[in-house]
Amino acid sequence: RLHLVTWNVGTASPPPDVTSLLQLDSLGPTMDMYVIGLQEVNSRITNFLSDLAFDDPWSIFFMTVLSPLGYIKLSSVRMQGLLLLIFVKHVHLPFIRDIHTHYTRTGLYGYWGNKGGVTVRMSLYGHTVCFMNCHLPAHMENTEQRLDDFEKILEMQFEGENIPSTLDHDVLFWFGDLNFRIADYGIHFVRESINNKRYNLLWEKDQLNMAKKKEAFLQEFMEGPLQFKPTYKFDLYSDVYDTSEKKRKPAWTDRILWRVKNLCQHASKEGEFSEEERTISVTLNNYISHMSYGISDHKPVTGTFVLELKPLLSAPLVTLHPEGEWSPEHDVLISYSAVPEFPSSAWDWIGLFKVAFRHVNDYVTYAWVEDDEVSSNKDSKQVYMSAAEIPDMGGEFLLCYYSKNLQSIVGISQPFQIQPNRTLTEKGLTQEESSWMQKPDNLESHDEF
């Protein structure tokens, strides 16, 4: 289950709550992956430079919301105001490989990154999947420029060997502030159609729908029905369309489309490709806007999908587990084994993570698989971690094996307990008891603070 968000946030700070945006209150099964595409993230030079050194406020915000629920930030890519974040459940980590990011500037003839696309691609259970967040040129008259820019973004190539081109991925998701407008009709007719919820009257004059009928490269992209109000342009903190002097005509600028390569092959080679042979399919469960968010002049749009995959990978490359009882009072051992074809490197490492870790660099400590090795045979190897590195307070943790060659986590242990340091715990209890003895008789415990 994949939940995809596109939102032009208009340089605003994150809202207080995103429960409904991420459907965290849904009664159905939880999502396996969140893909969040933002446009117009605050990109003043000072912000941008500090965000390069540290995670930007939006990334931190979504990590804070999602990491306690068992999601980690798998990947992110930023180009000025464009930001793409991908979060995934822990259980899927060993089956996601070959993650690459890319960005394409199209503003100022390719010299400026205020417009363009940011892209993340990966192998998901052996299938190639690509996510592309775009911000295309604005204004009614720029349809051709929007199409030209999108073609340019599609032509970009990822760095690395044997990585397919964008359109050669099994599934491609294209989303963002695509800025297509509603042509021909006047503002009064458009607003009246919206007020009467007769959105279908506007579909045939939507510039993207019109372009899909003419442009061959767009015809393979699918989109759910636009059964929600146009998401641009609103007065801030309201659901009232633009009341400024410009009175912009409402439009479905914020869109989510997808393309399944097998379906394209199926359509072009009828009869050669049976339904049974399809190893991946995409089903759209819902495609909606979220009117309650008013921090910018756009409303966010989400698409919830089911990706059905025949796994081409069914076992992790590395299996690992902690040996014996772990505590900060002695050095500890990790056992791991790898499949024969695993391309190991001297730069591989095993990290100790809290269960609710945020991203791959959020480790508590780590061991190098070569430098810290203590034993090896054909079936398994052991590495050690120093007692000095183990957290004194203990708690619930995970071990993850990070592959330098594959640039991803390729093995993850079951959660396990680290016992607290007994010496410190006993000392802490003694101090607590003595301070309790010194309390005045009339001070209730709940008055401490």
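Asp-206 and Arg-255 join their side chains in a salt bridge, 2.9 Å from N to O. Asp-206 sits in the loop between helix H5 (200-203) and helix H6 (207-214), and Arg-255 in strand S9 (residues 254-260), so the pair ties together parts that are 49 residues apart in sequence. A salt bridge here is a side-chain nitrogen of Lys or Arg within 4 Å of a carboxyl oxygen of Asp or Glu. Helices (H or I, at least four residues) and strands (E, at least two) are DSSP runs, numbered from the N terminus.

This is a predicted model, where local features need pLDDT of at least 70 and side-chain atom pairs count only at pLDDT 80 or more, while totals for chains, interfaces and linings use all residues. Residues are numbered from 1 along each chain as its sequence is written, and side-chain values use heavy atoms, with hydrogens and water left out.

## The network around Arg-255

Arg-255 forms a salt bridge with Glu-223 too, and the closest N and O atoms are 2.7 Å apart. Glu-223 lies in the loop between H6 and S9 and Arg-255 in strand S9, so this pair ties together parts that are 32 residues apart in sequence. Shared partners join Asp-206, Glu-223 and Arg-255 into one network of salt bridges.

Are these residues buried or exposed? Arg-255 and Glu-223 are both buried. Asp-206 counts as buried because its relative accessibility is 0%. Arg-255 has a relative accessible area of 0%. Buried means under 20% relative accessible area, exposed over 50%, and partly exposed in between (1.4 Å probe, protein chains only).

The structure holds 7 salt bridges. One of them pairs Glu-220 with Arg-259, with the closest N and O atoms 2.7 Å apart. This pair also links distant parts of the chain: Glu-220 is in the loop between H6 and S9, Arg-259 is in strand S9, and they are 39 residues apart. Glu-220 is partly exposed, at a relative accessible area of 33%. Arg-259 is buried, at 7%.

Gly-176 belongs to strand S8 (residues 171-177). Its relative accessibility is 0%, so Gly-176 counts as buried. Gly-176 and Asp-254 are 78 residues apart in sequence, yet 5.7 Å apart in space, C-alpha to C-alpha.

## The two sides of helix H4

Which residues of helix H4 (residues 187-195) are buried? Val-190, Ser-193 and Ile-194 are. They cover an arc of only 100° around the axis, so they lie on the same side of H4. The arc is that of the directions from the helix axis to the C-beta atoms. On the other side of H4, His-188 and Asn-195 are exposed.

## Two surface patches

Glu-144, Asp-148, Glu-151 and Glu-155 form a negative surface patch. Glu-144 is in helix H3 (residues 143-154). Glu-144 counts as partly exposed because its relative accessibility is 46%. Patches are made of residues with over 30% relative accessible area and no salt bridge; like charges are joined within 9 Å, and nonpolar side chains (Val, Leu, Ile, Met, Phe, Trp, Tyr) within 5 Å. Asp and Glu count as negative, Lys and Arg as positive; His and the chain ends are not counted. The place of a charge is NZ of Lys, CZ of Arg, CG of Asp or CD of Glu.

A nonpolar patch is formed by Leu-333, Val-374 and Tyr-384, with about 230 Å² of accessible area together. Tyr-384 is in strand S17 (residues 381-385). At 32% relative accessibility, Tyr-384 counts as partly exposed. Accessible areas come from the Shrake-Rupley method with a 1.4 Å probe; for residues, only the protein chains shown count as cover.
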